[in-house]
Amino acid sequence: MTEESNTPRAVDEVVDLVSTLIRFDTSNTGELETTRGEEECAKWVASMLEEVGYTTQYVESGQPGRGNVFARLPGPPDSDRGALLIHGHLDVVPAEPADWSVHPFAGTVKDGYIWGRGAVDMKDMVGMALALARQFRREGTTPPRELVFAFLADEEAGGTWGAHWLVEHRPDLFEGITEAVGEVGGYSLTVDRPDGTERRLYLVETAEKGLAWMRLTADATAGHGSFLHADNAVTEVAEAVARIGRHTFPLVMSESVAEFLAAVSEETGLDLRPDAPDLETSLFKLGSLARILGATLRDTANPTMLRAGYKANVIPQKAEAVVDCRILPGRQKEFEAEIDRLIGPNVTREWITHLDSYETTFDGDLVDAMNAAILAHDPGARTVPYMMSGGTDAKAFAKLGVRCFGFAPLQLPRELDFAALFHGVDERVPVDSVVFGTKVLEHFLLHS
């Protein structure tokens, strides 16, 4: 055998790479003092790329230790096509080991799964991208267009000290990039067809709701808890929070959601028309992913934090609450008007974090390449667009005019509660899904 034939391909090392990535505890608490591991993990990623010949750029995004790594693989020298960005974040949400059946940062491989914090969010995709970047460089591959691999910090806290900082302060890192792929899309949803057969739909993310964390504040007169006291900041905030928490925003049909519902209706026979009387009930027949999909039908505002007072017999001068708002594309003005009506005149609001919504169309050469890659490895499947209820680093890249998609392909077992794994206890990803995803992503990148 030649030396080249002994060189491992991406599918041969991807599971080990994902497992190793998980073993870096890159927990992002949202506070610099307690966030750790990003620098160490980023430098390891850089070393793995440099090992096969890449020249990498390691950049700290505004704060010490917030490590980001970039590497470029040139396309044809005469190409006039823009570069494709393949991005993934290295940070994860914290995990409490006592709650898990395996240690969340052990990177355990057992029972056909890779276990650990970040297994699906999103060190699986990071591992696939890293494995393919290494394979392409070892094999001397020239892709049809320049590929830019980016491994980023701070996504789990909104990307302030990651993608958004880089876009604002280092736009040179994104020079020439016109399109991007990252999380959360490309995974399968198995549905029942009217003829009794099954069909795997692969959900490609084409839209994201806006992410807006809002602080509510009421100021009133402090006083003794034993007195009559009509002017109470705690009461004002509590009533505003209750009104918001119980409120149902109107159903709004975006293009991405309408296309998704039409495709699922066609495949399943379910009545998922926008004006269907039981649309949301029917949607929940799709299983656990309905929690994600249902949230894309309307704006949401969920109270998450309350703070007031310092002693049981003192009426405080100030009370505060935090509300997690997720806003559909094109709905910002109407959403704010509805919130102002709900909170009333005695409570003020301010945005703690505000990231815009994003939506693109499900068409073009890149979508064709995604579809072809899926069908090459799952011929009976179908790709469909969908909107993500959360947010990703794509919000930052969209500011530069980059067209963004979620495409981290995974063929999932039907019985797996995929939605529950995001930020959940015993987060894990099937080994077979990661191998499948690596093959699909390889096809995609070589034909994009």
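This is a predicted model: local features need pLDDT of at least 70, side-chain atom pairs count only at pLDDT 80 or more; totals for chains, interfaces and linings use all residues.
Good morning. Contact, in what follows, means heavy atoms within 4.5 Å.

In helix H2, Trp44, Val45, Met48, Leu49 and Glu51 meet Leu130, Ala133 and Arg134 of helix H3. Sorted by class, this contact of H2 with H3 holds 6 nonpolar residues, 2 charged and no polar ones. How do the two helices lie? Two packed helices are described by the angle between their axes and the distance between the axes. For H2 and H3, the axes come within 9 Å and cross at roughly 20°. Angles under 35 degrees count as roughly parallel, and H2 and H3 are therefore roughly parallel to each other. The crossing of H2 past H3 is right-handed.

Next, helix H1, which spans residues 10-23, and helix H2, which spans residues 38-51. Their axes are 10 Å apart, and the packing angle is about 155°. H1 is thus roughly antiparallel to H2. Here too the crossing is right-handed. On the H1 side the contact involves Leu17, Thr20 and Leu21, and on the H2 side Cys41, Trp44, Val45 and Met48. Of the residues in this contact of H1 with H2, 6 are nonpolar and 1 is polar, with no charged residue.

The remaining pair is H1 with H3. Their axes lie 8 Å apart, at an angle of about 135°, and the two helices are therefore oblique to each other. H1 passes H3 in a right-handed crossing. Among the residues that make this contact are Glu13, Val14 and Leu17 of H1, together with Leu130, Ala131 and Arg134 of H3. The classes here are 11 nonpolar, 2 polar and 5 charged.

Which side chains meet in a salt bridge with an N to O distance of 2.9 Å? They are those of glutamate 13 and arginine 134. Since glutamate 13 lies in H1 and arginine 134 in H3, residues 123-138, the pair ties together parts that are 121 residues apart in sequence. In general, side chains of opposite charge can pair when their charged atoms come close. The count of salt bridges comes to 30.

Finally, a word on annotation. An unreviewed UniProt entry lists residues 206-338 as "domain: Peptidase M20 dimerisation". Over residues 206-338 the chain is 34% helix and 27% strand, and the C-alpha atoms at the ends are 26 Å apart.

Thank you for your attention.

Note on methods
Residues are numbered from 1 along each chain as its sequence is written. Side-chain values use heavy atoms; hydrogens and water are left out. UniProt positions are given in the numbering used here, feature names are shortened, and annotations may be inferred rather than shown by experiment. Helices (H or I, at least four residues) and strands (E, at least two) are DSSP runs, numbered from the N terminus. Axes are lines fitted to C-alpha atoms, for helices over the stretch in contact, and angles run from 0 to 180 degrees between N-to-C directions. Angles under 35 degrees count as roughly parallel, over 145 as roughly antiparallel, 65 to 115 as roughly perpendicular and the rest as oblique. A crossing is left-handed if the near helix is turned anticlockwise from the far one by less than a right angle, and right-handed if clockwise. Ala, Val, Leu, Ile, Met, Phe, Trp, Tyr, Cys and Pro count as nonpolar, Asp, Glu, Lys and Arg as charged, and the others, Gly among them, as polar. A salt bridge is a side-chain nitrogen of Lys or Arg within 4 Å of a carboxyl oxygen of Asp or Glu.
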